[in-house]
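Look over the sequence and the structure before reading on.

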Amino acid sequence: MTSIRKWFRPFEPATKSGNVIVFSAWLIIVVIYWIISSLGTKHLFPTPAQVCEGFISLFNEGLIVHLASSLSLCLQATFFSLLISLVIAYLSPLPALRPLSVAMSKVRYLPLTGITFYLAMIVSNARQMQVSVLVIFMSLYFITSLLAVINDIPKEEIDHARSLKCSRWEVLWEVVIKSRIDYVIDVLRQNLSITWMMLVTVESILVAAGGLGVLIKNSDKFMNHGRIVALQLVILAVGLLLDSALNITRKGLFRYSKFN
Amino acid sequence: MTTYERRDTILHVENISVSYGNKTIIRNVNFEEKDTAVPGKVQGQVIAFLGRSGRGKSTLFRVLTGLEKPATGKVLIPDYSRQPANGQQPAKVVEEGDVGFVDQKYTLFRHKTLYQSLLFALRKSMSSTAEKHGRIMQYLSDWGLEKIKDQYPNEMSGGQRQRTAILEQLLSSGNYMVLDEPFSGLDVGNIENVKAAFELINRSHELNTIIFSTHDIELAVQLADSIYILGHKNCAGSDDAGTIVHHYDLKALGLAWHPNFTPQHLELVQNIRSSLLAS
């Protein structure tokens, strides 16, 4: 009883088992609310049975193939955007190139419609269009986050490298690039959620290529809410899986990476 | 009183001023230190800088290490890469890396283990890999860091980090080492460790020179053979740029390298305290 009371006191440290209990309790509450709110003839959310049926129908329709298509698109876009962002962000300590990275970061406020119009005139096929839109969109966010990481490097770390006879390029290599690789994985992890969300919209550009976005669009057209919720759950689960895979990779590869 | 002999100039600071915008941080800092030889033993130099907060100690240290370009003046050290001319060792202006620098936070490379950090510090040395390894292992053993050679900075204690930071600079920079408040925030045990490290550096080479700042006057009197007070010349006036207001040569006073803390040392502590309060 005392421990339950502690859960309602601000800044009270909770044990690992306590956290599991609290999390499970919330999950049960959400499931119960879902079951109750979907009872009767009029209901906002589809019933658990409808979602189950939706899931089976999606599976039969090739959910795995669509999922693979989405992941492939995501992987391609992530690779190119990360490459572009890293080059631009790593060159930001050069005064001559800094305006470029700062401007790229500010452009994230530009509506996507403005960009897609010009892209459509340049690219030759729809798949290329999908990748390009995602690359541009992701790069702007990656650059913003990477610039924040670089700006947060304490001056003492730069001075430390300089005092060890590092040339300015060596400082860049040791302090900014090598020393912060784990931060790049974390930036990727944090921004992947935006990409994953964006993916669904971008996939609707080319229906023939398939993907989770196409499945959700088709389900929406026929008002099949069971399928929509089932798909959303799949998208959420895959997103969380990617997030935790990146977190485990960071911690596994870099023993010194202790944040989060 | 220990007999000693003053030899060549090892550090010459001439008319240093540093300004940021309209604000002058330090002005007209001048001092000179000579190599001190004590017969029968290897004796390096320990120079302490004392001063109240905001008197420009850290700024002066950045200039001494070549990390900051002064608005006026220069810092000269002997250039041992050149042959002496007319019995005098040619001098050179201090550049980045000539003087080791350990900051208050004992900053290290977060992505390098202790061994990797020391190897990196030796990267410009012409020695073979085996020689470098041997030298590193010898230092690690002397400084009691052998067991943690594969640990990253975030896995080390404060004292271990500090010793690593000192060792790194020692391997990279050679004879000169500047330490900004090396005793701040340390417990009694770690203070003793740093004192032992000073002793180790001092005894290992005649030209080794440690320059440090501290707010602990007794510790400065106990460790240093030369103490400079950095302060404001005119405390009440508008000129609030830091400069050297006093110099205590403990060698000349017969108080340097003393095994015990005598009443004369205590008297000097009182004098320094008054000097600090007036600056």
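Which side chain meets E174(A) in a salt bridge? The partner is K112(B), at 3.0 Å from N to O. A salt bridge here is a side-chain nitrogen of Lys or Arg within 4 Å of a carboxyl oxygen of Asp or Glu.

This is a predicted model, in which local features need pLDDT of at least 70, side-chain atom pairs count only at pLDDT 80 or more, and totals for chains, interfaces and linings use all residues. Residues are numbered from 1 along each chain as its sequence is written, chains are lettered from A and ligands numbered from 1 in the order written, and side-chain values use heavy atoms, without hydrogens or water.

**The interface.** Between chain A and chain B the count is 8 salt bridges. In chain A, 25 residues touch 27 residues of chain B, where contact means heavy atoms within 4.5 Å. The two chains bury about 2400 Å², with 47% of it on carbon and sulfur atoms. L164(A), K165(A) and Y256(A) lose the most area on the chain A side, together 29% of what that side buries. Buried area is the accessible area (1.4 Å probe) lost by two parts on being put together, summed over both.

Helices are DSSP runs (H or I, at least four residues), numbered from the N terminus. Axes are lines fitted to C-alpha atoms over the stretch in contact, with angles from 0 to 180 degrees between N-to-C directions.

| Helix pair (chain A) | Axes come within | Crossing angle |
|---|---|---|
| Helix 4 (residues 63–90) and helix 7 (residues 126–151) | 7 Å | roughly 45° |
| Helix 10 (residues 181–203) and helix 11 (residues 212–221) | 7 Å | roughly 65° |

The contact of helix 10 with helix 11 of chain A includes W196(A) and L212(A).

Key:
Helix = DSSP H or I, 4+ residues; strand = E, 2+ residues; numbered from the N terminus.
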